[in-house]
Amino acid sequence: MKKKYASPNPFYSVAIPVAFIFIPFIIFLMMDKMFPLSMPEDEKSFAVTVIARDGTPLRSFPDEKGVWRYPVRVSEVSPLYLKALLSYEDRLFWHHPGVNIYALFRAVFQYVQTGKPQSGGSTITMQVARLFHPHSKTIPGKLRQMFRALQLEFYYSKKEILTMYLNYAPFGGPVEGVQAASFAYLGKSAKELSHAEAALLAVLPQAPSRLRPDRHAGRATRARNKVLNRMAQFGVWDRETVEEAKIERVTPRFNPRPMMVPLLARRLKSETRNSKFETRNSEVEIRNSIIRTFIDPYMQQAVADLVYGFIQGTPEHTSAAALVVENKSLAVKAYVGSGDFLDDSRFGHVDMIRAYRSPGSTLKSFLYGFALEEGLIHSESLLVDAPFSFSGYRPENFTQAFSGPVSVSEALQRSLNIPAVDILDRLGPKFFDTRLRQGGLRLRFPPHQEPNLTMILGGVGASLEDLVSAYTAFACQGLAGKLRYTTDDPISERRLLSPGAAYIIRQILQEHRRPDLPGGRVSLEHSRGVAWKTGTSYGFRDAWSVGVTDRHTIGVWVGRPDGTPSPGQYGRATAAPLLFSIVDSLPRGYGPPPSVPESVARAEICWPLGTRPSGKEDSLCHQRRHAWILNDVIPPTFPDRADRHWLSNPMTILVHPESGLRVDADCPVPNPVRKTIARWPRAAEPWLNPCTRAACRPPRLDPVCKKPVSSCAENIRIMGIESDTVFRPPGAETKLPTITLQAQGGQGRLYWLLNGELVHQTGIGETRFYQFKRPGRYQLTVMDLGGNYDAVEIVVLGGNFRG
């Protein structure tokens with residue numbers, strides 16, 4: 001008789017499997033409550049890392065323990081590395097719950113068989129658990145590691161766990177994380193790894209100290225090849241690829257501390273909070289630990305090399321700074337704050353991009369732009385470069401010479417001081433300062449000093465950063481933008497100039513020939529043209545040069561950070577060559593040239609009046625020029641400062657029909673003839689040719705009028721020297737002759753010029769002596785500060801002359 005068996009209870013057939021699942025899970029939850037997972041942020045925090053736009057680290061600051069760690073995401077790592085890592089370390093990473101039971105049993109079995117560890121049983125998750133919760137190499141310690149791994153899988157996604165490994169895995173010495181290791185050992189980003197490099201970095205965390213490539217290249221090579229063989233064995237990479245990868249040599253390199261932009265990085269770090277470790281959008285985010293800049297690493301390195309090479313040929317303690325900005329985005333592409341950051345003798349730690357120094361003549365570009373907008377000038381307005389006094393202020397040119405009549409374009413290109421002070425005096429220093437501030441350029445004045453005429457020659461403070469920011473207006477239709485250093489910086493622009501004024505000033509500066517190239521051109525391409533301006537502060541303390549191209553605005557400063565004068569170092573000779581070298585190194589900017597604003601036009605004008613000619617045979621038009629004009633305004637030449645009472649220009653006089661001399665209306669001359677004269681500024685007359693000078697001066701009063709000729713102090717006469725005098729050494733003397741400089745009349749100080757070059761200054765009644773340096777024909781001129789003058793033509797013969 002068969003024994004009957006009761007059918008299984010359906011409850012137990014379901015309850016038992018559920019119990020096997022839920023009881024361990026409940027136990028896990030209880031233990032998780034008792035031993036919560038903590039991520040020690042303070043011990044594993046990230047230091048600030050400043051990176052370029054393409055992810056290249058520019059400078060990283062280690063944490064308090066001196067560990068170098070560059071934050072990286074899974075998407076920023078080479079797929080080759082991810083394949084090598086997961087294939088070699090944890091093939092089932094995406095599938096196990098944090099612990100791979102099969103791998104553990106296999107590792108234990110191999111150890112029992114051989115007595116040595118043959119394969120690892122730790123998963124990627126378990127390795128991450130060990131990084132944050134170190135344990136002893138015992139069975140209880142291993143169990144704790146497994147528990148923490150389960151907790152990680154419970155709280156974090158696989159991608160987040162993998163990101164933790166990529167950022168915190170040890171790679172030897174002070175280096176942690178694959179990105180830091182890639183730059184330290186390979187000199188490249190982890191996104192650019194080859195097959196061999198990916199295999200090398202995949203195996204390093206197994207024994208980071210024993211396998212360091214910089215110390216044990218042989219061991220590292222053998223370990224790398226082991227990974228490569230495993231990749232071929234698993235069919236991840238084909239055998240041919242693996243064999244080619246083995247040929248690559250492991251280079252003993254170690255550089256965990258990039259210093260590509262040390263001063264900018266230091267600056268940005270000081271503005272950044274300490275880093276924090278957070279979870280966001282199912283991915284580990286490292287906030288405030290990465291500062292993403294707009295720096296172009298290739299451009300940065302090229303500019304830094306140019307600056308470094310340049311200062312090697314300068315006097316001791318000299319430094320230099322350079323700044324390159326992309327006009328369209330206002331992004332800073334290159335930032336070199338000193339010539340050599342590591343050279344204390346050249347004050348390499350001082351960031352001269354932010355330092356306030358005297359800007360020299362660099363502000364003149366904005367002065368002429370404002371004067372254009374106010375309708376005071378056009379590009380060819382007649383100015384005078386001659387000795388003047390402006391309410392007691394007597395500026396002089398850098399060259400100690402005078403040029404007489406010059407146009408606005410010539411005055412700006414040659415950076416003449418006296419015409420600029422003249423314009424500022426008419427425009428108003430306070431107005432000039434206000435306009436600059438409205439456009440974002442805030443100048444610093446000495447204590448208790450207000451805007452005055454000295455500001456246009458550098459009597460204020462400005463930084464290279466501020467100047468470059470302001471000069472972007474010439475490439476951005478008059479809008480000056482705040483420079484953007486990081487990708488978080490918004491675009492901020494302020495109106496500094498009108499589009500028309502900005503265009504005209506840029507054209508003037510761009511037409512200025514480069515002194516370092518034949519013909520002054522950059523190349524035949526418009527995109528390589530540069531509008532440039534230089535400046536030199538008082539006492540040769542600062543040399544500046546700023547340039548604007550279609551794509552970039554570049555600023556250069558050269559000098560001593562401690563403010564010590566550097567004789568012979570000035571803008572055109574020192575800073576400009578460095579500027580041109582940087583311009584030539586920049587990428588070419590293709591595209592159409594800037595369009596001419598509707599407010600800008602070209603017009604023919606005449607000197608000395610400064611207005612349009614009345615026709616082809618205009619007798620008042622002594623010189624014809626083509627000018628840039630703004631808003632169809634063609635202002636006349638400024639009234640002569642020397643006139644005590646304003647006189648019309650042109651002026652109409654009466655002349656004797658027979659003698660041609662001037663007469664008054666009450667003179668007993670029948671049928672006087674009316675004559676119109678275009679007057680040149682009185683101070684410009686010494687530089688005019690005799691015919692032009694005669695045409696612009698009213699004839700002397702006819703004696704028939706029987707009126708006394710004024711002998712006021714405005715009339716100056718050179719004493720003891722007549723025109724066409726020939727000077728020669730006496731007898732057998734070989735030295736060139738010496739003349740006596742003495743004048744009668746005039747007011748204030750007297751300026752003595754030889755062919756326009758200042759040779760002496762005297763007071764009224766004083767006498768000076770001058771010995772000629774070379775033979776030739778000279779025009780000797782004496783002028784006072786009111787524009788009154790006298791001039792004689794003389795000839796000087798050498799000592800070997802034979803009569």
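The following legends describe close-up views of a predicted model. Local features need pLDDT of at least 70 and side-chain atom pairs count only at pLDDT 80 or more, whereas totals for chains, interfaces and linings use all residues. Residues are numbered from 1 along each chain as its sequence is written, and side-chain values use heavy atoms, with hydrogens and water left out.

**View 1. The largest nonpolar core contains 93 residues.** Such a core is a set of buried Ala, Val, Leu, Ile, Met, Phe, Trp, Tyr and Cys residues joined through side-chain atoms within 4.5 Å; buried means under 20% relative accessible area, exposed over 50%, and partly exposed in between (1.4 Å probe, protein chains only). Tyr335, Phe366, Tyr368 and Phe432 have the most contacts inside this core. Helix α18 (residues 499–510) gives the most to it, with 7 residues; helices (H or I, at least four residues) and strands (E, at least two) are DSSP runs, numbered from the N terminus.

**View 2. The disulfide between Cys606 and Cys621 has an S to S distance of 1.9 Å.** A disulfide is a pair of cysteine sulfur atoms within 2.5 Å. The torsion about this S-S bond of Cys606 and Cys621 is about -90 degrees, so the disulfide is left-handed. Cys606 lies in strand β17 (residues 600–607) and Cys621 in the loop between β17 and β18 (623–630). Both Cys606 and Cys621 are buried.

**View 3. The disulfide between Cys667 and Cys705 has an S to S distance of 1.8 Å.** Its torsion about the S-S bond is about 125 degrees, so the disulfide of Cys667 and Cys705 is right-handed. Cys667 and Cys705 are both buried.
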